[in-house]
Protein chains: 2
Amino acid sequence: MKIFLAQQNYHIGNFEANAIKIIKAIEQAKKEEADLVLFSELCICGYPPRDFLEFEDFINECYKTIDIIKEHADTIGVLIGSPARNSLKAGKDLFNAAYLLYEKEIKAEIHKTLLPTYDVFDENRYFEPAFEWKCIEFKGKKLAVTICEDIWNLGDNPLYRVTPMEILIKEQPDVMLNLSASPYNYAADVVRRSIMKAHTLKYGLPMLYCNTVGSQTEVVFDGGSLIYDINGNLVKEMKYFQEDYAIFDLEILSEQKKQTSQITNSADLAEAVTINKDTGINKDDVFLSSEKESTWEGKYYYSASEVGRDMDTLKYLTDDKNIQEIHDALVLGIRDYFTKMGFTMATLGASGGIDSAVVQALAVEALGKENVHVLLMPSEYSSSHSVSDAEKLCLNLGNRYNIIPIKDVYQGFLSTLKPIFKDLPFSVAEENIQSRVRGNLLMAVANKFGYILLNTSNKSELATGYGTLYGDMAGGLSVLGDLYKMQVYALARYINIKQEIIPRNILEKAPSAELRPNQKDSDSLPDYEILDRLLFQYIELRQGPKEIIAQGFDPTLVKRVLRLVNMNEYKRNQFCPIIRVSSKAFGVGRRLPIVAKYLS
Amino acid sequence: MKIFLAQQNYHIGNFEANAIKIIKAIEQAKKEEADLVLFSELCICGYPPRDFLEFEDFINECYKTIDIIKEHADTIGVLIGSPARNSLKAGKDLFNAAYLLYEKEIKAEIHKTLLPTYDVFDENRYFEPAFEWKCIEFKGKKLAVTICEDIWNLGDNPLYRVTPMEILIKEQPDVMLNLSASPYNYAADVVRRSIMKAHTLKYGLPMLYCNTVGSQTEVVFDGGSLIYDINGNLVKEMKYFQEDYAIFDLEILSEQKKQTSQITNSADLAEAVTINKDTGINKDDVFLSSEKESTWEGKYYYSASEVGRDMDTLKYLTDDKNIQEIHDALVLGIRDYFTKMGFTMATLGASGGIDSAVVQALAVEALGKENVHVLLMPSEYSSSHSVSDAEKLCLNLGNRYNIIPIKDVYQGFLSTLKPIFKDLPFSVAEENIQSRVRGNLLMAVANKFGYILLNTSNKSELATGYGTLYGDMAGGLSVLGDLYKMQVYALARYINIKQEIIPRNILEKAPSAELRPNQKDSDSLPDYEILDRLLFQYIELRQGPKEIIAQGFDPTLVKRVLRLVNMNEYKRNQFCPIIRVSSKAFGVGRRLPIVAKYLS
């Protein structure tokens, strides 16, 4: 049996476009003489559809789209993901389902069991978990079909009480197929590979895992679909951050390596698995029984936040492999946001600082140099190099730019406010006015010409509230909002790896908001090397003050920083979507009350 | 047995303040010789704590606070709500729990079963549902203790498969006690009373339902705790939108009315219930068996969105009782936001229009007239009455105000942008500049003096995207963001009921943004009477285009409005918290993807 994997990028709610894309893959698979095409989770409507799932009309559209696709599933089997109505009227209205289409009919429907409801996931909001499990028979083979999170439990994930594969394996299936919509973060690939491999070894079956790819507002799906053979070997890792297609012969994936096993038929194999189960499978035994891959970490994780926990934080955050992936994720994130919103051009404010420089370079990669229009908006507090560095960057990247000083507008604000402000001293109010004048200028240009404003705030700033609402916090999409400052530097170095795109001075000068004379970030914030490590402990690892202090951080600093993070929730609450690259980004995956008093 | 109910307003994460408040109620209950004090759901930490529940340190603080309170539960029983660790390490880490404290010990711990995960609720994100149920024995009585949603299922709520009271009733309890954190919306009281009454009639037991009160960022808890006797009579409806305390004698609540029942002891009662159960209880029978209260709707609902579904939409939206409650909810919402954030003063922009007038009047009620500082910011497009009407309102309310024309700053922006805009015609870009100049002025004043800017956008505008990001959409809290325009008018009339506070001209003139010459809302939007009815169908009732058109709306208009709603998700995504008064507010309770193409 030949199985074709379609790793595709869908547009949420765009049923017509999704159907065309799916049908194209089916026709391609037919040409390559595949027996079965495997798609990803909820591919019919795109993932995550969120509260659209509460609209009856949206679900009707899903069913209509399946009917259209069904006509193409004639001689070929098609495994697609879609929401399905719960006809029992017990529990939530929907299941997160996979359908086998074949001979122009729906031949089977299976339901997802483990519904992630944490971080960016809300599946319990919409779906009822499966309460029946069975393999799908197709062309003489038994397919153990699961959906994404269903295989995120090897029987010991404390989040769940059910292990779908433990039930399915009793039917002695021939292969494990997983339809997935598993988002990227810079620890996810390690987690994924460890779990897939563990499955093939535990159940003694090949695994074909088909992930979706593409960015959906803030969540980036990275593709990287995985195919493991029966011996636990990684046969193929499909492309990351791109659509990709591949075909596999199940017979070849199922060939036993003589040296690791004498078992030759599926009945014996099932028995072996049962024996393993009875004797109590041990994860160390499982991994000791096969060679380690080069990327293999030697243990498996259920949660990305476990990865890197015991490493040196800064080294982990700025690790080469991570930064390279982050780069690709951000470029895809920008490109998909624009394409799916129907926009082509971006604007941004270039300050001569590192953050805007990196955003500008990424925007050029994502959209093309002709589609990035930059504003340089110096004030009386801007240093001379701010404009010259930003200009140099525009020249290096080939971007159109305008220099529009904010002095006149800023003075206009001060005059207008004089009857109210009187002779009160310069304060954060005046700093914010400058930042908001820039925000207004950028939005004016964006509105006039139909651009989207790219935001340039980083995660360290967002965490501590070091930014102005409606000023430098304005924008339609945050490119760096999930990167700590030290990661922004690492990314700049990566961008410059072949040639100096970002002028060296931008990388070397001390960070400053330039909203008052000689201002430096370090006047208000601790050194980013310390701050970022501290923030990672609190945000990604959710450590409390005692645990963080126990790691050697200054207690006064810890309390101050945690207080800043918590009291600035109100600012982040009004921030634009942030392209998510970490295991805990600000935004939909981190939900905190604004009106609270905890560590603040 | 005497049971004391403490309907209190907690501050999320403010363990010290919450403990002091709880202990004060316990001491009061002791003075009144109560045997037991009943508090509300998660009162230890405040509800909803959201992702703070993922912090180990936060849970530790909950346990520490219980330890402090325990010392006061000496001769009196105390039923409090708190998160509890799931020691089994199977399923999520926490339960949503109630503890019985007595003789300075934890005597019992029960867990919530039905975890609301819809609209503003995310309980499956944090909690494992209960899988064991038992009554609590206390001073010779059996208490059937449930937590909030646990009683939102009479066996036929399609959301759930379990009915905790069906299990507890088998132990023949003496009373039903419910710890609740049930938020207000203008249909909620009907739903609540219908469910409580149905319980007392179905199970033949008195019900004491203790709700929390107070506003938590966007969600308003209205109190209104309910006490029903064994005969299904509403004995007491505690205060709405205020803290309140009351004491009840269980023996009196348990007295059977001779004429409706011959059953005199609890064993017989339990048998009667069993008989009822075996013969299949029918909700019509239940309600026919007792007299209807004046407020009794004759049927029960599980969801507020079911209420009003068959009524004339406009009549329902502007119903006197609803508007009066909405008024109280908004005043509490403003007051609690300021108090809990540690602020006392507000600013807002008064345009001379109805929305800002209503916000200003509500702010004065919530914060006092001396704590509202108003800006009037006329432009060249402002009509003469805009300033005079707004001034008159300030005089009526006794607010400090400044008139600061935006002309100079606006012209400054146009000059600064001239090299980019050149001679392109006036467009939405220029309209937005004006709106953002006002936003910047308001934020400058707020920043300078430590005010919070109150936003004045209404739900009809937010739905259709008729507003400027960082301009009139700026602010820390949205007062009217969950009220359709017709509801704003109804609220203005209600505010004026005793005397003319809001000048009549503000109520009578045609709505306008005044961002270009002779602009009217009706240039861009349909009449609000039609628009609001249409929006209610789509937003509250989640009807699809076909169903809405079938109700007689113009098909072209329906498509246009639905498209506007969906394509403006990106604007609402950056909007401030909205005080929630409906069953479906924009914000945390309505989660839609930005990058989507559905009906748009």
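**Close-up views of a predicted model**

**View 1. Surroundings of A:Tyr118.** Leaving aside residues up to four places away in sequence, A:Tyr118 touches A:Glu149, A:Leu159, A:Tyr160, B:Lys92 and B:Arg125, where contact means heavy atoms within 4.5 Å. This is a predicted model, in which local features need pLDDT of at least 70, side-chain atom pairs count only at pLDDT 80 or more, and totals for chains, interfaces and linings use all residues. Residues are numbered from 1 along each chain as its sequence is written, chains are lettered from A in the order in which they are written, and side-chain values use heavy atoms, without hydrogens and water. A:Tyr118 lies in the loop between strand E5 (105–111) and helix H3 (123–126) of chain A; helices (H or I, at least four residues) and strands (E, at least two) are DSSP runs, numbered from the N terminus. With 22% relative accessibility, A:Tyr118 counts as partly exposed (buried means under 20% relative accessible area, exposed over 50%, partly exposed in between, with a 1.4 Å probe and protein chains only).

**View 2. Surroundings of A:Ser182.** A:Ser182 lies in the loop between strand E8 (175–180) and helix H5 (188–203) of chain A, and is buried, with a relative accessible area of 8%. Among the residues that A:Ser182 touches, not counting those up to four places away in sequence, are A:Cys148, A:Trp152, A:Arg192 and A:Asp222.

**View 3. The annotated positions A:Tyr118 and A:Ser182.**

How values were computed:
UniProt positions renumbered as here; feature names shortened; annotations may be inferred.
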